[in-house]
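Hi everyone, thanks for coming. Please have a look at the model on the screen, and then I'll walk you through a few places in it.

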Amino acid sequence: MINQEDFFKKITAHAKEYGFVFQSSEIYDGLSAVYDYGQNGVELKNNIRNYWWKSMVQFHENIVGIDTAIFMHPTTWKASGHVDAFNDPLIDNKDSKKRYRADVLVEDHIAKIEDKINKEIDKAAKRFGDAFDKAQFVSTNPRVLEYKKQIEEIGHRLYRSMEQNDLEGIKKLIEDLGIVCPISGSRNWTEVRQFNLMFSTQMGSTVEGASELFLRPETAQGIFVNYLNVQKTGRMKLPFGIAQTGKAFRNEIVARQFIFRMREFEQMEMQFFMRPGEELNWYEYWKETRMRWHLSLGIPASKYRFHDHEKLAHYANAASDIEFEFPFGFKELEGIHSRTDFDLAAHSKHSGKKLQYFDPELNESYIPYVIETSIGLDRMFLALLSFAYNEEKLEDGTERVVMKFPPTLAPYKVAILPLMKKDGLPEKAREIMSDLKQDFMCYYEEKDAIGKRYRRQDAIGTPFCVTVDHQTLEDNTVTIRDRDTMQQERINVDELQHVITEKVKIKM
Ligand code: ATP
């Protein structure tokens with residue numbers, strides 16, 4: 001068993017080596033927490049976005065999509081609360097000069113206590129063998145109970161301080177817990193300060209006449225300010241949703257863990273509008289529906305969990321994260337938030353426009369309530385990378401790295417490989433390819449021994465390899481190799497289309 005840190009390093013190295021993700025501006029030594037997607041990465045990313053879009057927009061009659069600009073009127077961010085409240089508490093270590101998010105330091109401390117609980121569980125499981133009852137153990141073992149109590153107390157103090165914007169309280173908590181800087185090992189901390197996460201820029205040709213704009217920190221506000229446009233022109237009836245995917249920008253204080261926390265990233269968001277009072281039912285509905293979306297990709301349920309929020313954002317009356325087990329632990333992948341009428345009411349107030357809905361059944365107008373589902377495309381990409389990456393020992397003693405992407409998301413669906421570069425095999429392979437590429441991303445390769453070519457396709461997660469040999473010229477059959485089982489089957493060229501479609505089509 002390799003440890004998780006090494007595993008994560010392997011994934012990031014693999015992502016680079018096989019053209020999935022590159023550091024931005026790498027030839028200039030890179031730009032921190034900004035990444036580019038390579039030739040295979042962009043296909044995977046497009047496929048994830050497409051899978052989300054289809055499941056949200058195409059599969060729901062009452063959800064439509066939009067695509068709004070990154071720049072928005074500056075008042076948008078005043079109304080949404082981002083100018084005043086989109087802050088993270090930061091703290092510097094005076095010895096290492098490293099900057100941290102104060103709340104993350106505390107959360108990392110909590111994670112360490114959780115690790116201790118897991119160690120106790122592992123130990124006990126070994127000791128008791130088959131007779132081990134985990135639920136009973138965690139609810140009765142004194143040491144575990146003590147750890148759980150500590151976690152609860154620390155959590156409460158943190159959430160209370162965060163909620164009350166009590167920066168001294170957070171500093172005191174860090175001191176009381178004896179948290180040290182991971183780099184310098186010292187407790188020599190500065191005060192905690194607030195730091196706004198929005199990037200700003202200027203619009204206009206002269207500095208004097210320019211107005212300050214922000215790069216949007218979320219795509220959601222583009223949906224809210226267009227609520228009325230879409231509702232009216234689409235003749236939408238409540239409940240209905242508006243979906244959008246696009247870039248968002250945050251000047252994250254600590255941007256690490258590869259594409260988990262980036263300064264420029266992409267979101268896939270949907271705002272679902274409904275009658276006030278119905279929001280908690282829809283909240284449960286969307287929690288479940290979004291979890292089913294994740295599981296529909298064939299990733300085991302044990303990799304996911306809900307984390308219901310204790311501390312609610314200023315706009316929410318219920319909130320939950322779908323967390324994924326990344327190599328560095330369970331972390332937020334998607335948020336489901338019950339945002340009440342906060343956003344539409346705020347934009348109504350700041351714009352002077354009535355952002356309401358006339359309900360013909362009730363014969364009255366009101367501001368709809370909103371449930372939001374918000375997932376980071378790049379985080380989903382990272383979740384898939386870490387799920388898909390597998391090292392396997394083969395029967396002949398060799399090893400392979402295989403990316404077991406869900407076939408529907410794999411960058412390439414099929415590789416067409418003529419066994420040899422002669423005897424008309426490349427021509428036949430090209431002929432098959434020109435047919436299949438109408439429907440699938442196909443990869444053509446004739447260089448190197450066939451085994452080596454299979455390995456390269458495994459490494460980028462291509463579900464099928466089709467090999468064209470001399471028999472193909474005689475009877476129009478090829479071998480088709482399955483990425484996961486490595487089994488080969490001989491089938492007629494005319495069947496390829498059907499076999500591949502069955503495996504890679506979107507099933508929901
Ligand atoms: P975190 O607590 O990790 O900072 P958040 O709670 O601020 O995230 P939201 O504002 O709810 O995140 O954003 C919705 C989704 O957008 C997140 O679940 C995540 O998948 C994605 N996301 C947010 N910030 C980033 C980032 N810096 N880089 C990549 N993805 C991000």
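Before I go on, a word on the model. This is a predicted model, in which local features need pLDDT of at least 70 and side-chain atom pairs count only at pLDDT 80 or more, while totals for chains, interfaces and linings use all residues. Residues are numbered from 1 along each chain as its sequence is written, and side-chain values use heavy atoms, with hydrogens and water left out.

Who else is around the ligand? There are 16 residues in the shell, and Glu252, Arg261, Met262, Glu332 and Leu333 come nearest. Near here means that a heavy atom of the residue lies within 4 Å. By type, the shell has seven charged, five polar and four nonpolar residues. Strands S10 (264-274), S13 (329-340) and S16 (369-376) each give at least two shell residues, and S13 gives the largest share, with five. Strands here are DSSP runs of E with at least two residues, helices are runs of H or I with at least four, and both are numbered from the N terminus.

Now let's zoom out. The chain splits into domain 1 (43-84 + 197-393), domain 2 (87-194) and domain 3 (412-504), with bounds from an automatic or database domain assignment. The centres of domains 1 and 2, over C-alpha atoms, are 29 Å apart. Between these two domains, 10 residues of domain 1 are in contact with 12 of domain 2, contact being heavy atoms within 4.5 Å.

Most residues other than glycine have a negative phi, and most peptide bonds are trans. In this model, the bond from Leu238 to Pro239 is cis, with omega near -5 degrees. Pro239 sits in the loop between helix H10 (227-233) and strand S9 (240-249). Arg235 is in the loop between H10 and S9 as well, and has a positive phi of about 45 degrees.

Is Arg235 buried or exposed? Arg235 counts as exposed because its relative accessible area is 68%, and the cut-offs are under 20% for buried, over 50% for exposed, and partly exposed in between (1.4 Å probe, protein chains only).

Last stop: Asp458, in helix H15 (residues 450-460). Asp458 has 0% relative accessibility, so this residue counts as buried. Beyond its neighbours within four places in sequence, Asp458 contacts Arg400, Val401, Val402, Met403, Arg481 and Arg483.

Methods. Nonpolar A, V, L, I, M, F, W, Y, C, P; charged D, E, K, R; others polar.
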